[in-house]
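Here's a quick briefing to get you oriented. Have a look at the model first, then read on.

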Amino acid sequence: MNKTLFHLDVLLSYGVTTVEAKSGYGLDEETELKQLRVAKEASKRHSMEIVSTFLGAHAIPMEDRKDPENFLKRMEAIFPVILEEGLADYCDIFCEEGVFSVDQSRDYLKKAKEAGFKLKIHADEIVSLGGAELAAELGAASADHLVGASDEGIRRMGAEGVIAVLLPGTSFYLCKEKPARARFMLENNLAIALSTDFNPGSSPTENLQFIMTLAALHLKMTPEEIWTACTVNAACAIGVENKVGQIVPGMQADVVIWNAPNYAYIPYHYGVNHVAMVLKKGEVVVKYF
């Protein structure tokens, strides 16, 4: 718990006031539930708001390589526990070559939806497998990565209102030459959200401001597109757009005061923290100046 609270403090210090927390690093029933329970308890102890997603189907354990369906059945078996304890609103799966196929992902997510989850999907991070098309077919709230998403998949996601959650920090850390095609997505009416993808394996950073810089340099997004992706679109991706993501009457006062001359300066002047003050629900929770 202390480690979780520490990282929430760091995220808050960079101006993040609401996060999505995903499980997926246990790959067994006990550890997946533990991760979700820790996130729920952390939300009670910390000012950060946490929206949780069950990503038990993040990889295939070695013992299940020959029978991944058996592993998925074990993950499905804990759906009722997760929902009964209120541990997650969303269910996710990694639809990728070498992980779960489109058919396996479709079957799993349909069962998750029937159980009561809203849907997300890790889609086409490396190859164009069809995860983007599946996200559109199932009406997922969002799809992550999408570096290998096809033209058709991108168009269909845009038409169905699925949000593309792009994670340029992962591509940067893994030294991938090919970024997600943000410009093509925007040209095809696909809403983009940006996230750190903070995790121990492929993007160990809480610095969303650095992600904004990567979005400008690698994804060729404009400052206006970047700010939209980090605020209102990000809120929509986790279903909290009715209370955060905009500074308008009726929203809770989650506000960041920046030590910068203008909004374009933050992705431009990279590698430092531009936060002067963070307010959560109108209360000052971080103050540097």
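This is a predicted model: local features need pLDDT of at least 70, side-chain atom pairs count only at pLDDT 80 or more; totals for chains, interfaces and linings use all residues.

Residues are numbered from 1 along each chain as its sequence is written, and side-chain values use heavy atoms, with hydrogens and water left out.

**The whole chain**
- Along the principal axes, the C-alpha atoms fill a box of roughly 55 × 40 × 35 Å.
- Of the 289 residues, 53% count as buried, meaning under 20% relative accessible area with a 1.4 Å probe, protein chains only.
- Among contacts (heavy atoms within 4.5 Å) with a separation of 6 or more, 63% come from residues 24 or more positions apart.

**A look at histidine 46**
- Histidine 46 is buried, with a relative accessible area of 12%.
- Its side chain makes a polar contact of 2.7 Å with the side chain of aspartate 9; such a contact is a pair of N or O atoms within 3.5 Å, and within protein one must be able to donate a hydrogen and the other to accept it, while residues adjacent in sequence count only if both atoms are side-chain atoms.
- The side chain of histidine 46 also reaches the backbone nitrogen of methionine 48 at 3.0 Å.
- Leaving aside neighbours within four places in sequence, histidine 46 is in contact with Leu5, Leu8, Asp9 and Leu12.

Methods. Buried means under 20% relative accessible area, exposed over 50%, partly exposed in between (1.4 Å probe, protein chains only).
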